[in-house]
Amino acid sequence: MTEPRVQPDPAFALLGLYEKALPEVYGYLLARCGNRVLAEELTSETFLSAVAACRKDHAPPVSTPWLIGVARHKLADHWRRAEREQRGLRLVHDAECDVEDPWDDQLDHLRARQVLESLAIPHRAVLTLRYVDGLPVRDVATHLGRTIHATEALLTRAKTAFRRGYQEKEGRDG
């Protein structure tokens, strides 16, 4: 009688990649959420999710870009949860504003980051995915669980809120 062979855990594929991918995944998340504790939490969730995915039949090939994609989904999930919580705590009044485009060509990076961090979570999420990550509106809509038209409307309101916040900050700093 032969003894059954122990199969190695497929999640061990992550071990070789972990040290290289960890700073990239964490850096990706930190740059987008601006909160060290949240970035650490989402990085942990990313790797836990990756371990679970590796253990499934027909697991995807493990790579740093794949992990960044998982992290992007974790961040979008966080933004959706945070928005639902805020919506439950208060009524949201979205004032439709007149929209002027194009964006100013010369945005001060630090001021822009501060204004982005001060925006409501849905505005921050849609602007980050669209302009920082460079995703097309269709992909942004998918990540945020919205229709394309709802995402376009949110993007319009978010750009207006960003522009207003940027101009107010410019007035205070100038």
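**Around helix H5**

Reply: Happy to. Leaving aside residues up to four places away in sequence, His123 touches Leu154, Arg157, Ala158 and Ala161. Please keep in mind that this is a predicted model.

Me: What makes those residues count as touching His123?

Reply: The test is distance: contact means heavy atoms within 4.5 Å. Leu154, Arg157, Ala158 and Ala161 are the residues listed for His123 on that basis.

Me: Is His123 called buried or exposed, and why?

Reply: Buried means under 20% relative accessible area. His123 has a relative accessible area of 11%, so it is buried. His123 is found in helix H5.

Me: How do you know how far H5 is enclosed by the rest of the structure?

Reply: Count the buried positions: nine of the twelve residues of H5 are buried, so the helix is largely enclosed by the rest of the structure. The buried residues in H5 are Ile121, Pro122, His123, Arg124, Ala125, Val126, Leu127, Thr128 and Leu129. After H5 comes Gly134, with a positive phi near 75°.

Me: And Leu119, where is it found, and is it buried or exposed?

Reply: Leu119 is found in the loop between helix H4 (109–118) and H5. Its relative accessible area is 9%, so Leu119 is buried by the under 20% criterion. With residues up to four places away in sequence left out, Leu119 touches Arg124, Leu127, Ala158, Ala161 and Phe162. Take Ala161: Leu119 and Ala161 are 42 residues apart in sequence, and their C-alpha atoms are 7.4 Å apart in space.

Me: What makes H1 oblique to H2?

Reply: The axes of helix H1 (residues 13–33) and helix H2 (residues 36–54) come within 9 Å and cross at roughly 140°. Roughly antiparallel begins over 145 degrees, so H1 counts as oblique to H2. The crossing of H1 and H2 is right-handed. Among the residues making the contact are Leu22, Val25 and Leu29 of H1 and Leu42, Thr46 and Phe47 of H2.

Me: How do the residues of the contact of H1 with H2 divide?

Reply: They divide into 16 nonpolar, two polar and two charged. Arg36 and Glu40 of H2 take part in the contact, and Arg and Glu count as charged.

**The whole chain**

Me: How many helices and strands does the protein chain have?

Reply: Seven helices and zero strands. Along the sequence, the pattern of the protein chain reads α-α-α-α-α-α-α.

Me: What share of the protein chain counts as buried?

Reply: Of its 174 residues, 38% count as buried. The protein chain exposes about 11,200 Å², and carbon and sulfur atoms supply 53% of that. Among contacts with a separation of 6 or more, residues 24 or more positions apart account for 69%.

Conventions
Residues are numbered from 1 along each chain as its sequence is written. This is a predicted model: local features need pLDDT of at least 70, side-chain atom pairs count only at pLDDT 80 or more; totals for chains, interfaces and linings use all residues. Side-chain values use heavy atoms; hydrogens and water are left out. Helices (H or I, at least four residues) and strands (E, at least two) are DSSP runs, numbered from the N terminus. Buried means under 20% relative accessible area, exposed over 50%, partly exposed in between (1.4 Å probe, protein chains only). Accessible areas come from the Shrake-Rupley method with a 1.4 Å probe; for residues, only the protein chains shown count as cover. Axes are lines fitted to C-alpha atoms, for helices over the stretch in contact, and angles run from 0 to 180 degrees between N-to-C directions. Angles under 35 degrees count as roughly parallel, over 145 as roughly antiparallel, 65 to 115 as roughly perpendicular and the rest as oblique. A crossing is left-handed if the near helix is turned anticlockwise from the far one by less than a right angle, and right-handed if clockwise.
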